[in-house]
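I begin with the whole and then turn to a few places in detail.

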Amino acid sequence: MSNKRDYYEVLGVSKTATEQEIKKAYRSLAKKYHPDVNKAADAETKFKEINEAASILMDADKRSRYDQFGHAGMEGSGQGAGGFGGFEDFFSNMGGQQGNSFFGDMFGDMFGGNRGRQRNINGEDVVIEMTLSFKELIYGVDREIKLNLLSKCDTCDGIGAKNPNDVKTCSQCGGHGFVNVTQQMGPLSFQSQQQCSKCRGLGKEILNKCITCNGRGTHIKSKTIDVPIPHGLRPNQQLVLQGYGHASTLGGNPGNVYVNIKLAQSKVFSLSGSSDLLMKYNISYLDAILGNDILIETFEGLVKMKVPKGINSGEKIRIPNKGLYKDSRSSRRGDLIVEINISVPTSISKKERKLLEEIELETDFKIKNSLE
């Protein structure tokens, strides 16, 4: 009686599993137990067991015999780690052709492979922070930023050579930028791809290098970038300037510049809710008593405001449509909320004192205090 584990159990799938479910299970387990990734002592044994199970369950005839007779029905069928000529043969039976298979996708991801062609890799991104004042946050602003960026060489126009005739196809990788490497693991063999050491993945050789960039096709250059900040942004939002980042050294597009929005601290303003703006504002004690109309200074100039009689410090007056824009595409705005602080003079003239003393004698106003 065979002491092998049930193949369905090995892959962790049910006996009614579809081909796609088996592929998915295999992909996950193969990545987990591949000896180049997993250094556990039993990783190679488990990896072989996983491959043996998949080689049976992904073959319709073998799976049918296994379902009827178990491991006994597999004797002489070529199952096991040596039953297929390496990973490519096995995965070509899983619905793909060599060079464009499930295997190629998975092990390309694991070991950097991308078969038959040079990969165009985009340039690196740049992330910066930009601090805005409250006024800039409300209305937007045009800013300039200066960055030292890896840029296409102006002398050679990015080819890295003195002239185009000095650029030849790499003799080692044939212009692909990668070379195939065969690795043997016991009876199993598989191919992966590595970056060509001769051309560093460029796929070309340069006979006479550009003296400015030394054949790289790029060099560091200071650039000034205009950044239009729209109205309606919020702190911690991010703007993306596509294609303004570092140039690619492998034939791809330039990277992006990501601008993280920050808000400057203020003693007067703060945010309230999603789009309201809170402003602390000092008013005279006389305005609070008399309920005067006052002019308050805002980012849009002077705004007339009625002070309710008897208002106390800490109370708020709402002025519609003077807050933040709802978003960058909206013309609608939140409100400006004015938090009142009643200001009392620390010194007064003799005349003012006399008048106030007369008022004190005439008034019926009494302060009420409570300890409860």
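**Overall make-up**

I looked up the secondary structure first: the protein has 9 helices and 15 strands. Helices (H or I, at least four residues) and strands (E, at least two) are DSSP runs, numbered from the N terminus. I note that this is a predicted model, where local features need pLDDT of at least 70, side-chain atom pairs count only at pLDDT 80 or more, and totals for chains, interfaces and linings use all residues. Residues are numbered from 1 along each chain as its sequence is written, and side-chain values use heavy atoms, without hydrogens and water.

Next I checked burial. Of the 372 residues in the protein, 38% are buried. Buried means under 20% relative accessible area, exposed over 50%, and partly exposed in between (1.4 Å probe, protein chains only).

**Helix 3**

Buried residues in helix 3 include A43, F47 and I50.

Most residues other than glycine have a negative phi. I found D157 in the loop between strand 2 (141-152) and strand 3 (167-169). D157 is exposed, at 52% relative accessible area.

N214 also has a positive phi of about 60° and is not a glycine. I placed N214 in the loop between strand 6 (204-206) and strand 7 (218-229). N214 is partly exposed, at 46% relative accessibility.
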